[in-house]
Amino acid sequence: MLQLSQLRKPIAAIAAGGALLALVGFGLQGVQVDRNLPRYERTSGVSGSVKSVGSDTLNNLMTLWAEEFSKVYPNVNVEIEGKGSSTAPPALIEGTAQLGPMSRPMKGSEIDAFVNKYGYEPTPIRSAVDALAVFVHKDNPIKSLTMDQIRQVFSVEGKSNMTWGDIGVTDAQYRDKPVSLYGRNSASGTYGFFKEHALGNADFKSAVKEQPGSSSVVQGVASDRFAIGYSGIGYKTADVRAVPIEGVEASPENAYSGDYGLSRFLYVYVNIPPGEQPSPIVREFVKLIFSQQGQQVVVKDGYFPVTAQIATEDLKKVGAASGN
């Protein structure tokens with residue numbers, strides 16, 4: 001089983017290590033859920049309420065999972081709050097949330113704060129796979145971007161007031177136009193992941209229009225012909241286009257293989273004391289995530305499902321086994 005230190009690596013490194021095996025099929029309709037995942041079945045002893053605090057990127061996913069959960073347990077209350085990944089660790093530490101969705105791994109300082117309170121580390125659940133996309137307006141002619149170009153465009157390492165011509169666009173309607181930048185705020189895990197893996201931890205330009213949510217980034221790019229922005233692939237609309245990076249599309253195949261450089265796991269963190277199990281409601285919510293129904297929700301929301309292997313590994317963390 002992968003250790004927490006390994007889970008902090010970008011998904012490309014994890015995939016190269018064999019954690020993402022080719023167990024998920026790709027049909028004519030796109031990605032398919034691993035047939036080895038079980039269907040979720042109702043169990044007894046599940047009652048009360050559960051709260052999720054964390055990632056905006058996972059806000060839709062958590063809501064859809066909550067809807068599925070409520071179909072099985074109509075008397076259970078699930079509350080979802082998605083203001084950014086950085087809000088998850090404090091909520092878990094303070095006990096105001098039982099589920100902490102994050103679009104990036106916890107930072108060392110966040111883990112340390114949790115350990116200082118409880119004496120053990122939080123438990124990461126790899127709930128889905130995302131290709132963090134760089135979006136442009138659907139009419140933008142740019143074919144591909146390199147990581148260096150992305151760093152030059154978004155970070156202070158590049159010149160200010162870059163034009164589309166500076167990054168290779170020769171179309172007369174675009175080449176002299178300034179690149180309009182859209183991004184997330186610093187509370188966002190997507191902001192942190194993009195800064196680390198796309199910008200090499202360089203600071204963002206002050207010209208980046210920071211948005212409170214993933215959907216607002218995409219809406220900004222969709223309404224601005226000369227815009228570029230980054231967001232999870234699940235927020236893609238018909239009005240924007242995900243630009244290939246280093247010539248590699250943000251596709252399921254490239255995310256699983258690690259060939260797409262901004263692939264990542266989407267996590268749900270939980271608080272489980274060593275040798276103990278979480279509450280029945282938390283355990284069953286995680287089991288639903290790793291079921292056929294739960295991973296079909298992942299596909300519905302535009303992300304990529306995890307394999308049965310990953311489900312089995314992470315279900316053990318909550319005292320459950322795939323199929324039980």
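**A helix crossing and its surroundings**

Author: Helix α3 passes helix α11 in a right-handed crossing (the near helix is turned clockwise from the far one by less than a right angle; helices are DSSP runs of H or I with at least four residues, strands runs of E with at least two). The model is predicted, with pLDDT of at least 70 needed for local features and 80 or more for side-chain atom pairs, while totals for chains, interfaces and linings use all residues. Residues are numbered from 1 along each chain, and side-chain values use heavy atoms, without hydrogens or water.

Helix α3 covers residues 59-72 and helix α11 residues 292-300, and their axes come within 10 Å of each other, crossing at roughly 145° (axes are lines fitted to C-alpha atoms over the stretch in contact, with angles from 0 to 180 degrees between N-to-C directions). From the side of α3 the contact is made by L61, L64, W65 and E68, and these meet Q293, G294, V297, V298 and K300 of α11 (contact means heavy atoms within 4.5 Å). Sorted by kind, the residues of this contact divide into five nonpolar, two polar and two charged, where Ala, Val, Leu, Ile, Met, Phe, Trp, Tyr, Cys and Pro count as nonpolar, Asp, Glu, Lys and Arg as charged, and the others as polar.

Of the contacts in the chain with a separation of 6 or more, 79% are between residues 24 or more positions apart.

Another helix, α8 (residues 214-222), has S214, S216, V217, V218, G220 and V221 as its buried residues. What covers those residues includes several strands, namely β6 (123-137), β7 (180-184), β8 (209-211), β9 (227-232) and β10 (240-242).

In helix α4 (residues 88-94) one finds A91, which counts as buried because its relative accessibility is 5%. Between A91 and S52 there are 8.7 Å in space, C-alpha to C-alpha, although they stand 39 residues apart in sequence. If neighbours within four places in sequence are left aside, A91 is in contact with V53, T96 and A97.

Turning to aromatic side chains, the model contains 16 aromatic pairs (rings of Phe, Tyr and Trp, the last by its six-membered ring, with centres within 6.5 Å; planes under 30 degrees apart are stacked, over 60 edge-to-face, the rest tilted). One of them joins F114 and Y118 in a tilted arrangement, with 4.8 Å from centre to centre and 40° between the planes. Both residues lie in helix α5 (residues 108-118), four residues apart, which is about one turn of the helix. With a relative accessibility of 1%, F114 counts as buried, whereas Y118, at 27%, is partly exposed. F114 also meets Y120, and this pair is edge-to-face because the planes stand at 70°, with the ring centres 5.9 Å apart; Y120 is buried too, at 14%. Elsewhere, ring pairs link F154, Y191, F194, F204 and Y230 into a cluster.

Conventions: Buried means under 20% relative accessible area, exposed over 50%, partly exposed in between (1.4 Å probe, protein chains only).
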